[in-house]
Amino acid sequence: MAELPIELNGVADALACDKGFWRSCTGCHELNEGVPTGPFSDVMKCHLGMGCFECGGIGAVWDMTDYAEMGRYLALETPIAFGLMAQGHIPAVEAALAEGADWQEIGRRIGWDGDTAKAYYERHVATEPKGVDHG
Ligand SMILES: [Zn+2]
């Protein structure tokens, strides 16, 4: 294994801890149509920018964001906004509507509050691309 500059001695160990990772510095590294433009660092396991004040000239920044935790947090924050769709209730709702069920009944079937289900179903319908309405 090649000799590392003394500044990088702990990098591999830090990466191995799995508490964070190096990511390309947004200040000095650019993507070209989604493809990194900088050289790839085998030590830091990311592409490097040219260096700027954001990264202190390294071209990469240490990211300790716990993305798994963030994902759980976001899921908790917005369970309802995407709930009907995410929980796969749309077909059940539409089937119930086709049967003429009211929203209280629909709510009971999918385990939702009826009014909430109605509100989110209407939002879903409003945001769903129709595709055939360009007549
Ligand atoms: Zn930078």
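Leaving aside neighbours within four places in sequence, Ile 106 is in contact with Val 93, Ala 96, Ala 101, Gly 114 and Ala 117, contact meaning that the C-beta atoms, placed from the backbone, lie within 7 Å. The model is predicted, so local features need pLDDT of at least 70 and side-chain atom pairs count only at pLDDT 80 or more, while totals for chains, interfaces and linings use all residues. Residues are numbered from 1 along each chain as its sequence is written.

**Nonpolar cores**

- Ile 106 also belongs to the largest nonpolar core, whose eight residues are Leu 84, Val 93, Ala 96, Ile 106, Trp 112, Ala 117, Tyr 120 and Tyr 121.
- Two or more residues of this core are given by each of α4 (90–98) and α6 (114–127); helices are DSSP runs of H or I of at least four residues, numbered from the N terminus.
- The largest share, three residues, comes from α6.
- A second, separate core has seven residues, including Trp 22, Met 44, Cys 46 and Cys 55.
- A nonpolar core is a set of buried Ala, Val, Leu, Ile, Met, Phe, Trp, Tyr and Cys residues joined through C-beta atoms within 7 Å.
- A residue is buried if 20 or more other C-beta atoms lie within 10 Å of its own, exposed if 12 or fewer, and partly exposed in between.

**Helix α5 against α6**

- The axes of α5 (residues 103–110) and α6 come within 7 Å and cross at roughly 95°; axes are lines fitted to C-alpha atoms over the stretch in contact, and angles run from 0 to 180 degrees between N-to-C directions.
- Helix α5 is therefore roughly perpendicular to α6, a term for angles of 65 to 115 degrees.
- Trp 103, Gln 104, Ile 106, Gly 107 and Ile 110 of α5 meet Gly 114, Asp 115, Ala 117 and Lys 118 of α6.
- By class, these residues are four nonpolar, three polar and two charged; Ala, Val, Leu, Ile, Met, Phe, Trp, Tyr, Cys and Pro count as nonpolar, Asp, Glu, Lys and Arg as charged, and the others, Gly among them, as polar.

**Helix α4 against α5**

- Helices α4 and α5 pack at an angle of about 145°, with their axes 10 Å apart.
- Ala 92, Val 93 and Ala 96 of α4 make the contact with Glu 105, Ile 106, Arg 109 and Ile 110 of α5.
- This contact has five nonpolar, no polar and two charged residues.

**The loop residue Asp 102**

- Asp 102 is found in the loop between α4 and α5.
- Asp 102 is exposed because 11 other C-beta atoms lie within 10 Å.
- The C-alpha atoms of Asp 102 and Lys 118 are separated by 9.5 Å, the two residues being 16 residues apart along the chain.

Technical notes:
Contact = placed C-beta atoms within 7 Å. Parallel < 35°, antiparallel > 145°, perpendicular 65-115°, else oblique.
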